[in-house]
Amino acid sequence: METKNIIQEYQQGKSIAQLLRDYPSFNRRQITKLLEENQIPIRGGRKKKQLTNEQIMEVKKMIDEGAFLKEVANYCNLDEETTKHRLKELGLQIKNTNRINRRIKSDYFSVIDSPEKAYWLGFLFTDGSVDHYRTTGRIRLQLQERDKEILEKFQEDLALDGKIIYDIRPNSTCCSVEFTDEQIYNDLAKYNIIPNKTYMIDHIPYQKIPKKYWGAYALGLFDGDGGLSYSKDFSTDVTLSYTAYHETEVQDFQTLINLLADNEKTNKNFFTSAWHTQWRGRLQVLKILNILYENCPRHLQRKYNKYCSLKNSLK
């Protein structure tokens, strides 16, 4: 799926530098090879982009405030290597090119002893990404701007010093948290959070999570790849869903919910390159959500608001 998206977006006008930012698991050589193999002409000879005086003033301010290279590159709409060259030409220098977090809780995921930790493992399993950056592990969590508040909670729980990065696109704005830490990278791998996990991992490792935190872990999964929908008056079409690339992942989510809610859900369907499962009916959906939200202080606010509206519809 990612390779098709890369080809399509390049043909629509995106540069290789922009694709490198959007698909951090690919490097320049891999993208170039992919385009060549599909007989896509590589564009070149673009006019050197110059920064305006306004941009230069803002960049100076960002550097003085301790901005990282990636933040400056995103603001300038350039790749990091080009940004370094532009800054050198201007006599400017980024103080930190890596996301150094002096307060980071490197052992945060070494022992899963709280619902918050279980929740983040579920959320990172669905919406997070990891790779190796230079000599250490890199972790990234990118969401739509409307979900910024959960990124702030993530920063708070792991004591991350870096700022939230904004990626302004034609039709939407995304925001992300990115940092490097070898111990966290290795600990996440124990829970199947590895590079290219969407295609490499086909099972949810809920058995590795302490049973008393299964609800929080399932909520993290739901906040990442789940959905909640209902009719305007809540009377019909109340549906809780989960979507995954692998059929076995959907089966695992079904099993986890069945264990938590004492259900016997087994059906699943395949639509447009992904597997889906659903639970229907207001009472059944509320039963499941009540269990997931119980005793878990972390949640995606917009989904929680929908849950509260559904719950209040019974009053």
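Trainee: How many aromatic pairs does the structure hold?

Mentor: A pair of aromatic rings is described by the distance of the centres and the angle of the planes. Here, rings of Phe, Tyr and Trp (its six-membered ring) pair if their centres lie within 6.5 Å; planes under 30 degrees apart are stacked, over 60 edge-to-face, and the rest tilted. This structure holds 13 such pairs. Mind you, this is a predicted model: local features need pLDDT of at least 70, side-chain atom pairs count only at pLDDT 80 or more, and totals for chains, interfaces and linings use all residues. Residues are numbered from 1 along each chain as its sequence is written, and side-chain values use heavy atoms, leaving out hydrogens and water.

Trainee: What kind of pair do Trp120 and Phe154 make?

Mentor: Their ring centres are 4.9 Å apart and their planes sit at 65°, so the pair is edge-to-face. Trp120 and Phe154 also belong to one aromatic cluster with Tyr119, Phe123 and Phe179.

Trainee: Is Trp120 buried or exposed?

Mentor: Buried means under 20% relative accessible area, exposed over 50%, and partly exposed in between (1.4 Å probe, protein chains only). Trp120 has 0% relative accessibility, so Trp120 counts as buried. Phe154 is buried too, at 1%.

Trainee: Which residues have the most contacts inside the largest nonpolar core?

Mentor: In soluble globular proteins, nonpolar side chains tend to be buried together. A nonpolar core is a set of buried Ala, Val, Leu, Ile, Met, Phe, Trp, Tyr and Cys residues joined through side-chain atoms within 4.5 Å. The largest one here has 64 residues, and those with the most contacts inside it are Phe109, Leu121, Phe154, Phe179, Leu188, Tyr217 and Leu289. A second, separate core has 13 residues, including Ile56 and Cys76.
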